[in-house]
Amino acid sequence: MINKTVQLSILFTLFISMSISAQSVFGKWKTIDDRTGLPKGVIEIYKKEGLMYGKVVKILEEGKEGVTCVKCDGDLKDKPVEGMEIITAGQLHDDGEWKGKRLFDPEQAMTFRFKIWLNPDNTNELKVRGYLAFIFRTQTWLRVEG
């Protein structure tokens, strides 16, 4: 039988590890259109070689399942949006924000500079800001459980 100290130690370790993972930008996020307030898709954000990447894993808009990038040029022309990399090589900065030069919007076929950070008041919200020159838009994405 495990003594109470060992049991408490195991529970404490599990609790801490769950808290740390819940506060990460990595995982799956439901995108919310900042103009309509409606969900658009699910993006998986992951780390590769120390950099942030993100890809579309599911389209949530009714009637847009299986959509292709019709406005895209080059290699992305008419490719499925599901599976498409839309965040490329973001770098973590000292302020806890991830910044990079490629946040791709397949609907507009436009690339933006970006800044991504967790909402400090709610770590289940991800703030995603795209920049085009001095103009920017910010969306709030919601953590997808599991």
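Colleague: Before we start, what do buried, exposed and partly exposed stand for here?

Modeller: A residue is buried when its relative accessible area is under 20%, exposed when that area is over 50%, and partly exposed in between. Please keep in mind that we are looking at a predicted model.

Colleague: Okay, and where does phenylalanine 26 fall, at 22% relative accessibility?

Modeller: Phenylalanine 26 counts as partly exposed, because its 22% relative accessibility lies between the two cut-offs of 20% and 50%.

Colleague: How many aromatic pairs turn up in the whole structure?

Modeller: A search of the whole structure finds three aromatic pairs. One of them joins phenylalanine 26 and tryptophan 98, whose ring centres are 5.4 Å apart and whose planes meet at 80°, so this pair is described as edge-to-face.

Colleague: Which parts of the chain does that pair link?

Modeller: The pair links distant parts of the chain, since phenylalanine 26 belongs to the loop between α1 (4-22) and β1 (27-32), while tryptophan 98 is in strand β5 (residues 98-105), and the two are 72 residues apart.

Colleague: What about tyrosine 46 and tyrosine 53, stacked or edge-to-face?

Modeller: Those two rings have their centres 6.0 Å apart and their planes at 20°, so the pair counts as stacked. Tyrosine 53 is buried, with a relative accessible area of 12%, while tyrosine 46, at 23% relative accessibility, is partly exposed.

Colleague: Which charged end sits over the ring of tyrosine 53?

Modeller: That is the charged end of lysine 48, which is placed over the ring of tyrosine 53 at 4.5 Å from its centre. There is also lysine 115, whose charged end sits over the ring of tryptophan 117, 5.3 Å from the centre of that ring.

Colleague: Switching to the backbone, what is phi of glutamate 49 near?

Modeller: Phi of glutamate 49 is near 55°, which is a positive value in a residue other than glycine. For context, most residues other than glycine have a negative phi.

Colleague: Where does glutamate 49 lie?

Modeller: Glutamate 49 is found in the loop between β2 (39-48) and β3 (51-59), and with 81% relative accessibility it counts as exposed.

Colleague: And alanine 133, what is its phi near, and where is its place?

Modeller: Alanine 133 has a phi near 60°, again a positive value in a residue other than glycine. Its place is in the loop between β7 (122-132) and β8 (135-143), and alanine 133 counts as exposed at 56% relative accessibility.

Conventions: Residues are numbered from 1 along each chain as its sequence is written. This is a predicted model: local features need pLDDT of at least 70, side-chain atom pairs count only at pLDDT 80 or more; totals for chains, interfaces and linings use all residues. Side-chain values use heavy atoms; hydrogens and water are left out. Rings of Phe, Tyr and Trp (its six-membered ring) pair if their centres lie within 6.5 Å; planes under 30 degrees apart count as stacked, over 60 as edge-to-face and the rest as tilted. Helices (H or I, at least four residues) and strands (E, at least two) are DSSP runs, numbered from the N terminus. Buried means under 20% relative accessible area, exposed over 50%, partly exposed in between (1.4 Å probe, protein chains only). A charge sits over a ring if NZ of Lys or CZ of Arg is within 6 Å of the ring centre and within 35 degrees of the ring normal.
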